[in-house]
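Dear colleague,

I am passing on the structure below, together with an account of what a computed analysis of it returned. Please read the notes with the model open beside them.

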Amino acid sequence: MTEVARITHWIGGKAWDGEADRVGDVYDPATGEVSGRVDLASAADVDAAVEAAHQAFADWRGSSLTRRVQVLFAFREIVRARRDELAAAITAEHGKVLSDAAGEVTRGLEVVEFACGIPHLLKGGFSEGVSSNVDVYSIRQPVGVAAIISPFNFPAMVPMWFFPVAIAAGNTVVLKPSEKDPSASLLLAQMWADAGLPDGVFNVVHGDKSAVDRLLEHPDVRSVSFVGSTPVARHVYETGTRNGKRVQSLGGAKNHMVVLPDADLDLVADAAVNAGFGSAGERCMAISVVVAVEPIADELIQKVTQRMATLRTGDGRRGCDMGPLVTRAHRDKVASYLDTGVADGAELVVDGREVQPDGQPGGFWLGPTLFDKVTPDMSVYTDEIFGPVLSVVRVPTYDEALEVVNSNPYGNGTAIFTNDGGAARRFQNEVEVGMVGVNVPIPVPMAYYSFGGWKSSLFGDTHAHGTEGVHFFTRGKVITSRWLDPSHGGINLGFPTQT
Ligand code: NAD
């Protein structure tokens, strides 16, 4: 039997020592056993975390840039050194394979490295002598307590899209991670403490909707960064902004890979399998729809099917290609789409329910699944399934492929595969999606660019990290200054103009 760990909040630089009113089960998805019980915060627990962050804010925003950067560099070194430990914690609760878990830590570290350049990123402008003895300059200041609410699918990377920049810019943070895989956030909290971050600058509260709703109404929370499903993202955006907060709220996705007839179909098949089934399809940038511009669909499906047959589904600690789904309920929901798709008239080419996993029978297994002849009215197409289910939509022309992508309410990521530079250039211009790959199936931007989708994939106008992230976590201020010259003075009620 697995030992069941207690997982609790991190407030003011230490593990919380209170009694929780409610707790939630955390599972090892590869065995199906309960591995932990996570405390679910009450409103009072959330208030304690916000209070710790609020108290720490004045000192942290007042600490020098040099000091803040020293802490960030130390944090970076500690995360690098303990990457495998973090990856193991992610695999144990999420189920993704170890190499993939280490990969998400690496992508999160890139944002830490970006945030180490905060002195440069915060530099303002200066205009000398805009009028006689008058100078104008701009500065950017931290906003205050930042709430970060994250999904289950990247328990380390998604919080790391936000908190390195928030902290570097002088804000303090309350992170509310997913209650399904909460342990990585506590390792990160310990790493911040080891890096010398003052108590209260980084806090973690575990919980569900009631914790989120308290964060959204708390008067001392000044900004909210949310990532999760679209209905919740919309709720967070609407409630947070109504309560006067700055909100960036990233939602769900349905990512299309458009394949033109001139593409190299072996490369396309590799990319479709990697991007469709990596992390069991539980990635917001996973490819879930291949839009095949005829006449290549039959040949492409054959190549994809051959590759799918080589994939090994099993325990992420055993060197498999694909792990289990995160919970039994999610596994069953994803599996239910296999019946729905067939009932709606799609052709089930590979049935993931027949998988022979390399893992314990109680694990939340579903193998890679392929549907052909999917049409945009079917629920396997319209719904975000968030599992290892890849659909092929056949279209006769590029224009119809573009129409499929642009008619979809989501606009997170997309990719085009072609050897025609002109066609790719036209696609990048015409497609209504925030992140576009050209012969790259998962076009996640580097940390110094900003991450975010369009339409129902993002509410708010600021994307994560990059310069947009710096803007989100800071407020601009413009100072007009005159150092008095005795020759100036006198009364003049006219509107100030430059002379
Ligand atoms: P989710 O929406 O169920 O949960 C996200 C967070 O919101 C969690 O912390 C959860 O505790 C909280 N929450 C859940 N229900 C809530 C409610 N009713 N009110 C307030 N808070 C609530 O999402 P998930 O299942 O954890 O993650 C998967 C989803 O996240 C997918 O839709 C995926 O596309 C999306 N996602 C998007 C991106 C992106 O960049 N756009 C990145 C990662 C994941």
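**Surface, fold and local details**

The protein exposes about 20300 Å², of which carbon and sulfur atoms supply 51%; accessible areas come from the Shrake-Rupley method with a 1.4 Å probe, and for residues only the protein chains shown count as cover. This is a predicted model, in which local features need pLDDT of at least 70 and side-chain atom pairs count only at pLDDT 80 or more, whereas totals for chains, interfaces and linings use all residues. Residues are numbered from 1 along each chain as its sequence is written, and side-chain values use heavy atoms, with hydrogens and water left out.

On overall form, the C-alpha atoms fill a box of roughly 85 × 60 × 40 Å along the principal axes. The radius of gyration is 25 Å, which agrees with the value near 23 Å that a compact globule of 499 residues would have; the radius is taken over C-alpha atoms, and the globule rule is 2.2 Å times the number of residues to the power 0.38. Of the 499 residues, 57% count as buried, where buried means under 20% relative accessible area, exposed over 50%, and partly exposed in between (1.4 Å probe, protein chains only).

The protein has 16 helices and 23 strands, these being DSSP runs numbered from the N terminus (helices H or I, at least four residues; strands E, at least two). Among contacts between residues at least 6 apart in sequence, 73% join residues at least 24 apart, a contact meaning heavy atoms within 4.5 Å. As for charge, there are 43 positive and 61 negative side chains, and the centres of the two sets lie 5 Å apart; Lys and Arg count as positive and Asp and Glu as negative, while His and the chain ends are not counted, and the place of a charge is taken as NZ of Lys, CZ of Arg, CG of Asp or CD of Glu.

F202, in strand β10 (residues 202–204), counts as buried because its relative accessibility is 3%. Beyond its neighbours within four places in sequence, F202 is in contact with residues including W10, F163, W192 and L197. Its C-alpha atom is separated by 9.2 Å from that of A56, which is 146 residues away along the chain.

Most residues other than glycine have a negative phi, and most peptide bonds are trans. The bond joining E294 and P295 is cis, with omega about 20 degrees, and P295 lies in the loop between β14 (287–293) and α11 (297–308). N133 has a positive phi of about 65 degrees, sits in the loop between β6 (126–131) and β7 (134–142), and is partly exposed at 37% relative accessibility. K373 also has a positive phi, near 55 degrees; K373 is in the loop between β16 (369–372) and α13 (379–382) and is partly exposed, with a relative accessible area of 41%.

Best regards
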